[in-house]
Amino acid sequence: MAGSVLLPKPCLMRLPHYYRRLLQAMHEGQSIISSDELGEEAGVPAAQARKDLSYLGEFGRPGVGYDVYELAAHLERILGLNEPKKAILIGVGNLGRALASYPGFARYHLQIVAAFDIDPSKIGQRIGSIRVLPLEELETFVHQNDVRMAILAVPAAQAQSIADRLAAAGIHLIWNFAPVSLRVPTGVMVFNEDLAARLATLSFFLIRQSS
Ligand code: ATP
């Protein structure tokens with residue numbers, strides 16, 4: 001189901017915002033929600049929210065709104081939120097450890113099934129239930145466990161060579177926390193979380209506001 005709907009990328013990027021607003025509505029006991037409320041959460045006008053949701057099918061009634069539970073269930077199916085997802089983590093420095101310890105991934109059914117590092121003092125450790133394995137076992141582990149997703153938290157200088165190995169091993173999706181742009185073959189997707197770049201942007205706004 002998740003792959004059967006073709007959506008423009010900006011629309012796809014807004015769906016999690018709509019979903020989050022729906023969760024809040026459920027929490028507050030609200031059963032009908034307007035496109036105004038959904039649009040506000042995603043930072044777009046109501047008309048854009050209606051257009052986005054029209055890609056998903058016939059939802060909502062003019063002048064009434066959207067059924068919160070029906071729309072949330074549909075978004076869960078489209079986004080594959082309830083489908084179990086396995087990932088491996090590469091690099092268990094401070095950031096890698098924080099990601100491995102983050103309980104919020106379970107809400108989206110993401111399980112980190114193993115971590116890999118080259119530091120002998122870290123290999124063999126456990127972060128909660130996640131074992132830290134030597135990098136040499138990467139390819140075998142990916143094949144044996146049919147893992148498609150990797151979270152990359154190694155230093156920038158090491159990230160490309162690890163990305164090459166991940167792609168060759170059959171990883172389809174890399175969630176990259178290393179502050180570097182990665183080149184990957186067709187068929188592999190990279191999503192960047194560049195905290196350093198974000199901080200530089202924040203710094204710009206902070207300095208401008210205080211001057
Ligand atoms: P540390 O806990 O070592 O102080 P750190 O938070 O300073 O880590 P980095 O220096 O960015 O973080 O390193 C992140 C992690 O990536 C470390 O655990 C390091 O051992 C690991 N690492 C470095 N190179 C590689 C590599 N090629 N493959 C896998 N892990 C690597």
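## Overall build

The secondary structure of this protein comes to 8 helices and 9 strands, taken as DSSP runs numbered from the N terminus (helices are H or I of at least four residues, strands are E of at least two). This is a predicted model, in which local features need pLDDT of at least 70 and side-chain atom pairs count only at pLDDT 80 or more, while totals for chains, interfaces and linings use all residues. Residues are numbered from 1 along each chain as its sequence is written, and side-chain values use heavy atoms, with hydrogens and water left out.

Along its principal axes, the C-alpha trace spans about 60 × 50 × 35 Å. Of the 211 residues, 38% are buried (under 20% relative accessible area, with exposed over 50% and partly exposed in between; 1.4 Å probe, protein chains only). Among contacts (heavy atoms within 4.5 Å) with a separation of 6 or more, 58% join residues 24 or more positions apart.

The domain assignment gives domain 1 (2–79) and domain 2 (85–197), with bounds that come from an automatic or database assignment. Their C-alpha centres lie 31 Å apart. Each of the two domains gives at least three residues to the lining of the largest pocket.

That pocket holds about 1800 Å³ of space and is lined by 34 residues, with Leu-79, Leu-81, Lys-85, Leu-173 and Phe-191 nearest its centre. By type, the lining divides into 22 nonpolar, 4 polar and 8 charged residues (Ala, Val, Leu, Ile, Met, Phe, Trp, Tyr, Cys and Pro count as nonpolar, Asp, Glu, Lys and Arg as charged, and the others, Gly among them, as polar). Helix α1 gives the most, with 7 residues. A pocket here is an open set of points on a 1 Å grid over the protein atoms alone, where a 1.4 Å probe fits, with protein on both sides within 12 Å along at least five of seven lines; lining residues have an atom within 4 Å of a point. Points are joined across faces, edges and corners, and the volume is the space filled by probe spheres set on them.

## Helix α3 and Leu-53

Let's turn to α3. Its buried residues are Ala-46, Ala-49, Asp-52 and Leu-53. Seen down the helix axis, they fall within an arc of 120 degrees, so they line one face of α3 (the arc is that of the directions from the axis to the C-beta atoms). These residues pack against α1, α2 (35–42), β2 (66–67) and α4.

Leu-53 has a relative accessible area of 1%. Beyond its neighbours within four places in sequence, Leu-53 is in contact with Tyr-18, Leu-38, Phe-59, Tyr-66 and Leu-71.
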